[in-house]
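Reader: I am new to this structure and would like a close look at a single part of it. Please take me through that part step by step.

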Amino acid sequence: MGSDRLSRRTLLAGSGGLLLAGVGNAAAQEGIFMRPEEAPRALFPDASAVTDTTVTATAELRERVRALMRRAPSYWEPAYRVFRVARHAADPGFVIVVEEIGKHRPITFAVAVDGGARVVDVAVLAYREAYGGEVRDKRFLRQYSGKTLDDPLLPYRDIRNISGATLSVEATGRAARKAIAVLRALGDLR
Amino acid sequence: MPLRAFLAWLVTIALMLDLALPISRAAAATPEELEAQLKALQQQVDALRRQIESSQAAQPPAAPVAPATPTATAPVTTVETPAPGKIERLSSIADFKLGGYGSTRFEASDLDRLNESFTFRRFVLTGDATIGGRLRGLFELELERLTELEVERTAPSEAGRRGFQQSIEGSDKSEISLEQAWVEFTLADWLKYRAGMMLVPVGRFNLNHDDNRWDLPRRSLVDRGVPVLPVTAAWSEVGMGFVGDVKTERWGTFGYQALVMNGVSLDSSIETIARGSSELETEVEIKARRGTANIDLKRDKAGALRLTWSPAPGHELGTSVYYGRYTPDFLPSEALWSVALDGKTTLGPFEVEGQYVRTHFNNIRRVARGFADAVAERAFSSGTPLDVVVEFELAGLADTKQGYWLDLRYRFFPDFLRDSLLGRGFDNPQFIVTLRGEQVWLDGLVSEIDFTNGHLTSFQQDNRHVNRVTLGFAYRPLPLVVFQTAFERTWTDRGKSLSGVTNFLPARRSEDTANTFLLGVAFGF
C-alpha cells in the first residue's frame, strides 16, 4: 500500500517536474528571437571575425536598391546594419539586417549573403504578427539558400508557401532580395 | 515521510527553482531597464558619431562620395549596439491588430424559385492583441447578411387605456455571431492554454473558414451547404483546452488541439408565420446547434482532438475527432461523434487540398420518441381571433452523414500581363483555376416524424446523396483579395428535391439538379 502511494507520488512529482521543465522554454509566435549581433555567427558558423557597420539609408541608396530589386520594398529602414564576416576556409560573407512588412507590422530579418551575391541563410530576428510565425522555421528558410537577385522568391513560383502565412512568406522573399540589393548598392557585392 | 517520496518532492522543487531562477533573471531585466540600457548605448554611439563627424569636419572637404559606398560611415567594431528601431517592446495597446474579411456574391441559377441575386455574404471584424508577454487574445465578430436590425418598443395610449407595442425590424436570413473570443496563455510552443469561444478543430475548413482564403465563391457542402459537421461552419463552442506545435528537424512539425466544451445540443428556434388564411403559425424547429454560452442544457461535456503533421512546408495532414452528448437534459442521453481526415499538398503551382468528414448521431429514433413525450401535443388552436397552430420539426438529423470535398488548383500568371492593369503594382498576382468535386451521403435522414398525445406515431427515414462539381477561375492581385467566378452543378437522387437535403437551394419538389453561375469578391485586411 505504502509502495503504491509512493509510486503515485513519484509519478505525480516526476510528471509535474517534466511539465515545468518543458514550459521553461516557452516562446510565443510574436517575439524577438535573436539579437542582430548574434546573427553573423549563427548564420556563418565558421566566422573568424566580424566587423559591424551601420549605413544610413539615404535617398540615393534607396533609389539604387529599388532599381536593383525592380520593385519597391514594403518598408524603408532608416539605416542598415551590415556585418562583414571573415571566415576560416571560405570567402568573406555579409550579414545584413532588413525589415519587411508582414500583414500589419515589420518582420526583422538577418540575411547572410556570400561574395557571389547568393543567399547563404536567413534568420528571423523579430516577428510581430499574430499569425504566420512558421516563417521562422529552419526548414522553410532553407529554401532561400543559393537564391540570387534574379530569382523571384515568391510563393508558388520558386518558394513553397505556408498556408495562412502567405504575406509573411512574401515578406521573407522581399527581405532576401532587398538584402542583396542593399549590399550591391553599397558596393560590397558585384 | 518515506525517503523516496521526499526525494521526489525534492526533485520537483529543484526543477521549479531551476525554472524560477532564469525567469527571475529575465524578470530582473524589465522593459524599462532594457530601455535605459539601450538609451545608454545609444548615447555612446551618438558620442562616437559626433567624434567621427568632428574629426571629419577638421579635414579638408572631400569630393562628393556616392552615398552607397561603405566608406560613407566609419566601421564600428563593437557588436553591442542594436540596430536603431529594430528591437522594441511594443505596448499592449500598440500591439492590438484590427483586421477583418468580407465577401459579396452574385448568383444565377436555373432553379425556378431562385432569383438572380447579389448576396452580401458576410463581414467579419477580427481583433488580435498580445496582452502581455505570453498572453494573447483574439475575437472574431460576424455580421452575416446583416444590413439592419431595429428594435422599437412603445407604450401607446388609446382612449385612456395603456397598450404596449414592440417591433423588430431586420434583414432577411441575417445574423450577428461571435465566432471567436478567447485568450491564450503560452506555456511553451507545445503547450498553450486557451479558453473562451473557440473554433472546434474538426476538419481544416472550419479552422480556415475566412472567405478571402478560398478561390471559390461558395463554401463546401460538408461544411456548409449539406452540413456533415454537426453544426455549419464556422462552428465554435465555449470551452477550454490546450493547443501546440512540436517542431522536429527530421520529421517536420506536429500540432495538436485538445479542447473540452459545452458542445453541440439539440436546441429550438421559433419561427412565426402569419398566413393569408388568418392562421398564425408558429414553427418550432429543433436541430443540432452549437452549444450555449450560458448554463449548459445538458450535464455531459464534449471533447475534440485534432492532430496535424506537416512533413515539409506546403504539405499538411490532419485528423480530428469530436465526441459529445447532443441531447438536452429533457431528452434521452445520446451522443454524437465526428471524425475528419484532411490534408493539403503543394507541388510548384499545383495544389491538392481536401477533407473527409463522417458524423454519427446515436439512436435518433429514441431521441424522437423522447421528443414526442416531452412535447405531448403536436398542434392546438386557441380562442384568439387568429387560429394559432404550433408545429414542431426535428431537422437535419440522420443516423450517419459523411462526405468529402477535393480541390485541385493550378496557379499561374502570364509574364506578358505583369505590366498590364492586372499585374502592375502587385508583387505576385495570380490566376487560379480550381476544380472541386464533392459528395455527401445522408444515411437514415429523418424525413418525417409524427406524434400524438406523447406517442411517436410515424418515423420515416431516407437515404440520400448530394453531388456537386465546381469549376472556378479566380484572380488574386494580393493574397488578401480575390475576385472569383465559378460554375457549379449540384444534383441529388433522381426525382427527389434538392431542397430537402441542402440548406441553400430552394428547389421545387421535382428539381433534382441545379446549375449555378457564381461571381464573387472576397477581401481581407
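Which residue is the bridge partner of A:E100 in β5(A)?

Author: The model is predicted, and the partner of A:E100 in β5(A) is A:I107. That bridge belongs to the pairing of strand β4 (residues 93–101) with strand β5 (residues 106–114), both of chain A. The two run antiparallel and are joined by nine bridges. In general, strands of a sheet pair through backbone hydrogen bonds, either parallel or antiparallel.

Strands β4 and β5 belong to an open sheet of six strands in chain A, in the order β1-β6-β5-β4-β3-β2, with antiparallel pairing. At its edges are β1 (31–32) and β2 (47–56), each of which pairs on one side only. Helix α5 (residues 166–186) of chain A packs on this sheet. The helix touches β2, β3 (79–87), β4, β5 and β6 (119–127), and its direction makes about 135 degrees with that of β4(A).

As for confidence, chain A averages a pLDDT of 86, and 84% of its residues score at least 70. Over residues 1–6 of chain A, however, the pLDDT is below 50, and this stretch has four contacts in the model beyond near neighbours in sequence. Residues 20–27 of chain A also have a pLDDT below 50, with 18 such contacts.

How values were computed. Residues numbered from 1 in each chain as written. Chains lettered and ligands numbered in written order. Predicted model: local features only at pLDDT ≥ 70, side-chain atom pairs only at ≥ 80, totals over all residues. pLDDT = per-residue confidence, 0-100. Contact = placed C-beta atoms within 7 Å. Pairing = 2+ DSSP bridges. Helix = DSSP H or I, 4+ residues; strand = E, 2+ residues; numbered from the N terminus. Axes fitted to C-alpha atoms, helices over the stretch in contact; angles between N-to-C directions.
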